[in-house]
Amino acid sequence: MAGPARDEQYTAYVAARLPWLQRVAYLLCQDWDRADDLVQVALTRLYVRWNRVGSVENVDGYARTVLLRVFLAEQRTGWWKRVSTVREPPEPSPDTADRDGDLDLRTALRELAPRQRAAVVLRFYCDLSVEQTAEVLDCSPGTVKSQTSRGLAALRRALVPTVSIEEGTAR
């Protein structure tokens, strides 16, 4: 594919899918600035391989896989452990119906291990099957099932109020 046509196709794709990629990145890392960085690195890698992407059946899936691999690679570097750009989750958008629940979910999601968070986001936000998630994460379907199960269990523990037997009230 020629340079100008290639660039036009890439630009059209990015313009159409950028908000979606940013939301997926945010769900993975729980920081809008870091999500923008992840998306930028992923889009750079996507641009470099754009000639090959034209032959891919599912461009969104390819872009999502690149984004996820950028996120997981960054998790292995240790940078994310040393640098904390945001201590508290950002305020939700004003059109969010359940602000407290949204904040609780974001906080609980942030506490998951990176691969558990990736499995949960891919399965339930991106609506991928176990097999598709395994392909993206480059692991077995059994690993996806166990990571998803552990992630959901941790989310339930974090989100379900505990009941004090002595007080009889939820905390």
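## A tour of the aromatic rings

Start by selecting Tyr10, Tyr13, Tyr47 and Trp50, which together form one aromatic cluster. Keep in mind that you are looking at a predicted model. Across the structure, the count of aromatic pairs comes to 4.

**First stop: Tyr13 and Trp50.** Now colour by helix: Tyr13 belongs to helix H1 (residues 3-29) and Trp50 to helix H3 (residues 50-53), so to speak a link between distant parts of the chain, 37 residues apart.

**Next stop: Tyr26 and Trp32.** Select this pair and turn the view until you see both rings from the side. They are stacked, 4.2 Å centre to centre, with 10° between the planes. Tyr26 counts as buried because its relative accessibility is 2%, under the 20% cut-off. Trp32, by contrast, is partly exposed, with a relative accessible area of 36%.

**Last stop: arginines over rings.** Which part of Tyr47 does Arg6 lie over? Arg6 lies over the face of the ring, at 4.3 Å from the ring centre. Then move along to Arg123 and Phe124: here Arg123 lies over the face of Phe124, at 5.6 Å from the ring centre.

Terms used
Residues numbered from 1 in each chain as written. Predicted model: local features only at pLDDT ≥ 70, side-chain atom pairs only at ≥ 80, totals over all residues. Heavy atoms only, no water. Phe/Tyr/Trp six-rings, centres within 6.5 Å; stacked < 30°, edge-to-face > 60°. Helix = DSSP H or I, 4+ residues; strand = E, 2+ residues; numbered from the N terminus. Buried < 20%, exposed > 50% of the residue type's maximum accessible area, 1.4 Å probe, protein only. Lys NZ or Arg CZ within 6 Å of the ring centre and 35° of its normal.
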